[in-house]
Structure formats: structure tokens, C-alpha cells
Amino acid sequence: MRTLNDTTVPLTLDYIRGAIELSHTEHGVVPHRLPSWALQQARDPQINAAEAQPSGVRITFRTTATDLNLTLLRTRTTYAGLPPRPDGIVELVIDGEKISHATTTGGVTTTINMTTGQPTVEYGPEFTARFSGLPDVNKTVELWLPHNENIEILRVVANAPVDEAPREAMPRWIHYGSSISHGSNATHPTDIWPVSAARASGVELRNLGLGGSALVDPFVARVIRDLPADMISIKLGINLVNTDLMQMRAFRTAEHGFLDTIRDGHPETPILVISPIHCALQETTPGPIAFDPAALAEGNVRFHATGDPAGVVTGKLTLTTIRTELERIVTERLTTDANLHYLNGLELFSETDEREHPLPDALHPDADTHQQIAARFAAFAFAAGGPFFSSSR
């Protein structure tokens, strides 16, 4: 029986896929999905927290090991009086097949008193995901990291030597989106809809789903511009509405500028612009959104829109107006850009779908709906005749 003293997996970007940068701590590394220069420009706690949750990030290597240990320290935020967010999941995939998973525990938990805003911090132990009895053959191992927690990777130990997994000639897909793309309400890291669609279609995903932060930031466009990509998708709308960040005039030029910047680095790459899925909360009502006080009083999390629908005539954004404008922008640009495509988000999740599968908090789809969206997206984008078909072969 082998013992777990043979190999410590290097914590580098050669082994940690889906991250763009690693910050080194006293005991390990923190994977980041955006570079530090971009975060300095944003100066925003929301995007700092979102990009450091490793959605779509996995530790990948080749080995004959039969036992693996991944040790991490998680950081979570909860709110007093409300149900805690689900624990994170570490998921083991071998040669593309889901094998097992482990639920995280311990770590640093900050509980916010929503009345006073005061935090209480609780410190717990590090967590080790242990996987044993694995096949004693050379195999590609993927350890998918929790998509809904900030984590510090402390160490990965195998009871046999490891090698860098070859970067196979898999087509590279960059996806940018909101908390839905980030994985809100998905239970497992491989069940987030972009991850599920990528795995089903045989492409390598870099997930830039950033909870609460898909805001057409110029620095994100520059990041996408400078990354290698065979196909790019941009899903926009819900965060622009629920933050009430800008009005139509600013949104229009921001979207053009976002696409212009990406095209500077990817002049011929297929780009798919996706408008918002259905969300009755903000179809015709502008933001900002807020917690629903009646739901909070019952210990539940739901959102409600606080904007005035009359504001649409002066440029306030709703999901309906964003869909119309995104389609108009893509149609206009098609005269000079044949590799630009549009997908109405209602094709992924419609009004009928929302009636049949209500959004649990009035904003985010549930875990089953992630799979529905993934299947519909893959059938549109990767199937014969789809915008990504040729690039994904």
C-alpha cells in the first residue's frame, strides 16, 4: 500500500487551470480569475470577492496515485438570522468522469449583523478532501475547487509522482457573465452551466462569471483581449439592471467599446453576445434591487426591485430594454463583423420556464435549471451550424 509521502503537487499555473494569477500566502496560494492590475482599477470589494471564488478552476495533473489529499482554508460570509450559504464542494474528476466529491468545513466565517452591519469572525480549522482507492493506472486527475467560497490552497499530496497534464488541443472558450455564470445555486463546481456545457462539448473553459460584477468593465475586455481563445461568449444584463449602474446612453457605448477592445486581440474569433435570461423581477422594472424585508423577517432570502418603471423613458435599464439594445448592436456590427453572433437569453430560460421553475430568491436559477441552460446553450452554440461549431472541432 502506498503512503502519502511521495509527492506534493506544485501549486503553479501549470497545475492550476482556469486561474489567471496566483497570490502567495504564508502557507499556500490563492487562485485569482482576474489579474491584480484589474482589481486595482476596480477598487471594489464585490468583484474582489467574486473573482477569488475559483469558479471553473481546477487542479490538474497526471499520476498513477491511488490516494490524494487536497488541503485548503476556506473563507465565508454569512448573515445573522438567514440560512447559511451551502458549503463548498471539492469534486474529483478522472479522465473526464466525475468520481467523487467532498464538502468543505471549517475555515474563517464572517457573520454580518444586517441591522447594525457589525461583523463577527469565527476561526475554524483547515479542511482536507481525501480521495482513496483510485485506479492504479496513469490517469488525468482534476480536482475542481469550490465555486462559492474564497479559498487558500495549502497543499495537494499524492502517493505517487505527478506530472503536468498535457495541454491537449482542446478548443479554448472564454465566457464572461454574472452570478448565474459564476454558479449561484449550483451545488457542484462541475454543474455550473458554463462548466457543464464545456464538459459536454469537449472544450477548455475559462470562466469569467463574476457574481454581481458583469458590468462591462473595460479592464475585463482587456483581459479577454490578451488571453488565448478559440471562442468567446459575453452574457450581459442582469447586473447592469440590478446595480442601476448606468443608463442606456452609457450602456450603448460601453458595449461597443467592450467589443472593440476584444476585437483588437481577437479579430476573427467567434464572439457570441447573450442577453439576459427571464427574470420577472426586473423584466420591466429598473433597479437597484434590495433584500425583500418581508422575506427577511421570515428568515428567507428574496430580492425585490426598487426602481420606477416610468424611468425607462429617460434611459433607465430593464432586462427588456437591454435585450432589444444588445440585438440592435449586434445586428449593426454584423455589417463589418461576420463572426459576431447573438443569442436571446429567453432561448435559455423563458417566461414559461420561470413559471415552471421559479427562481428561489426571485433572481437566481436553481441547480436543475443550470443543467437546462447548459443543454440549451450547447445545442445552440456547439451543434452543427452553431456559432462555435467550427471552432470547437
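**The aromatic cluster and its setting**

Tutor: One aromatic cluster is formed by Trp-173, Trp-193, Phe-377, Phe-382 and Phe-388. The model is a predicted one, in which local features need pLDDT of at least 70 and side-chain atom pairs count only at pLDDT 80 or more, while totals for chains, interfaces and linings use all residues. Residues are numbered from 1 along each chain as its sequence is written, and side-chain values use heavy atoms, with hydrogens and water left out.

Searching the whole structure gives ten aromatic pairs; rings of Phe, Tyr and Trp (for Trp, the six-membered ring) pair if their centres lie within 6.5 Å, and planes under 30 degrees apart count as stacked, over 60 as edge-to-face and the rest as tilted. The ring centres of Trp-173 and Phe-377 are 5.3 Å apart and their planes lie at 10°, so this pair is stacked. Because Trp-173 belongs to strand β15 (residues 172-177) and Phe-377 to helix α11 (residues 367-381), the pair ties together parts that are 204 residues apart in sequence. Helices (H or I, at least four residues) and strands (E, at least two) are DSSP runs numbered from the N terminus.

Trp-173 is buried, with a relative accessible area of 0%, and Phe-377 is likewise buried at 0%. Buried means under 20% relative accessible area, exposed over 50%, and partly exposed in between, with a 1.4 Å probe and protein chains only. Phe-377 also pairs with Phe-382: their ring centres are 6.0 Å apart and their planes at 75°, so this pair is edge-to-face. Phe-382 is buried, as is Phe-377.

As for the setting, the chain contains eleven helices and 21 strands. Its radius of gyration is 21 Å, close to the 21 Å that the globule rule gives for 393 residues, so the chain is as compact as a globular protein of that length; the radius is taken over C-alpha atoms, and the rule is 2.2 Å times the number of residues to the power 0.38. The C-alpha trace spans about 70 × 55 × 40 Å along its principal axes. Of the 393 residues, 55% count as buried. Among contacts (heavy atoms within 4.5 Å) between residues at least 6 apart in sequence, 77% join residues at least 24 apart.
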